[in-house]
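Here's a quick briefing to read alongside the model. Have the sequence and the 3D view open as you go.

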Amino acid sequence: MVKLSAARYGKDNIRVYKVHRNNEAGTQDVVEMTVGVLLLGDIETSYTQADNSVVVATDTMKNTVYLLAKQHPVSPPELFGSIVASHFVETYKHIHSAQVKVIVHKWTRMTVDGKLHPHSFLRDGADTRNVEAVATEGKGVDVRSAIAGLLVLKSTGSAFHGFIRDEYATLPEVSDRILSTEVDCGWSWDTFTNLKDVQAAVPKFDDAWNIAKTITLETFAKDESASVQNTMYKMCEQILSAVPMVKAVDYSLPNKHYFEIDLSWYNGLKNTGKDAEVYAPQSDPNGLIQCTVSR
């Protein structure tokens, strides 16, 4: 005998663009997002008995996201994600939890003739501001904010030695190396009782995002890194200290390797160790270092 042990469904990759026109100032602000929605609840019969009467169509979810984006602020994304998630739990009594993911794509205002342009923007990086908001009946709203896709590199100031050496180890120990990674940093907020509590915390969301990004970049640059593990732990500690409403911080840092190239085959040309200047960037395999630090 078998049973349905888990089920959820939704609409993914909902592309949303919103413009706010400030006619008095003659400027416009824009936000572009990719939104995903997943619903959980009393939906078993749609799987086991072909009963679609319990199904909120995924096209309805898409329409709802567009409508809520028109009716409510989309910034900060923590608020908008919470609005969307809460809507589904409050509107459909058989839906007990809604998970909403929001990816905010960068549009940075252009500087033209030394002045910020009123309505022209550029994408000056692939990094995104991400949010996951989960509204659960009888519990509240859980929010995780994140920085994703932030590519960083330092050409010195990183070492890696003292690790286990056995018959399987071939990696040489180094006291100076290139360190590069693509930052995925997330911080989970204390559970909000309801949407009203999320709204009250709105000023803290942008502040926390700026703090987390600043700490990440400054620690990456300044730390004489003994390992990716130790550097990311220092980042977590600082974010937790700076943002009291955050209960946990997590990092996922792939180690993007740059290997020295031995050019001694050409007239004894030195390009290793202290003479290394030309490197071969590696795509894979790569190290992947992760941690979560909690209060």
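A contact here means heavy atoms within 4.5 Å. With that in hand, 65% of the contacts in the protein chain between residues at least 6 apart in sequence join residues at least 24 apart. This is a predicted model, so local features need pLDDT of at least 70 and side-chain atom pairs count only at pLDDT 80 or more, while totals for chains, interfaces and linings use all residues. Residues are numbered from 1 along each chain as its sequence is written, and side-chain values use heavy atoms, with hydrogens and water left out.

**Overall picture**

- The protein chain has 6 helices and 12 strands, taken as DSSP runs numbered from the N terminus (helices: H or I, at least four residues; strands: E, at least two).
- Its C-alpha trace spans about 75 × 70 × 40 Å along the principal axes.
- Of the 295 residues in the chain, 40% are buried (buried is under 20% relative accessible area, exposed over 50%, partly exposed in between, with a 1.4 Å probe and protein chains only).

**Pockets**

- Some terms: on a 1 Å grid over the protein atoms alone, a pocket is an open set of points with protein on both sides within 12 Å along at least five of seven lines, a cavity is a set where a 1.4 Å probe fits but cannot get out, and lining residues have an atom within 4 Å of a point.
- A volume is the space filled by probe spheres set on the points, which are joined across faces, edges and corners.
- The largest pocket has a volume of about 680 Å³; 21 residues line it, and Leu171, Val174, Arg177, Tyr258 and Phe259 are the closest to its centre.
- Helix 6 (228-242), strand 10 (258-260) and strand 12 (287-294) each give at least two residues to that lining, and the largest share, 3 residues, is from strand 10.
- By class, the lining of the largest pocket holds 10 nonpolar, 7 polar and 4 charged residues (nonpolar: Ala, Val, Leu, Ile, Met, Phe, Trp, Tyr, Cys and Pro; charged: Asp, Glu, Lys and Arg; polar: the others, Gly among them).
- The second largest pocket comes in at about 500 Å³, and of the 21 residues lining it, Val104, His105, Lys106, Trp107 and Arg129 are the closest to its centre.
- Elements giving two or more residues to the lining of the second largest pocket include strand 3 (95-105) and helix 5 (202-222), but strand 2 has the largest share, with 4 residues.

**The cavity**

- Leu179, Thr181, Phe220, Val228, Thr231, Met232, Met235 and Leu253 line the cavity.
- Helix 6 gives the most to this lining, 4 residues, and the classes are 6 nonpolar, 2 polar and no charged residues.

**Helix 5**

- Buried residues in helix 5 include Phe205, Trp209, Ile215 and Phe220.
- Seen down the axis, the buried residues of helix 5 fall within an arc of 160 degrees, so they line one face (the arc is that of the directions from the helix axis to the C-beta atoms).
- On the other side of helix 5, Pro203, Ala221 and Lys222 are exposed.

**Threonine 64**

- Threonine 64 is in helix 2 (residues 58-71) and counts as buried because its relative accessibility is 9%.
- Leaving out residues up to four places away in sequence, threonine 64 touches His87 and Phe88.
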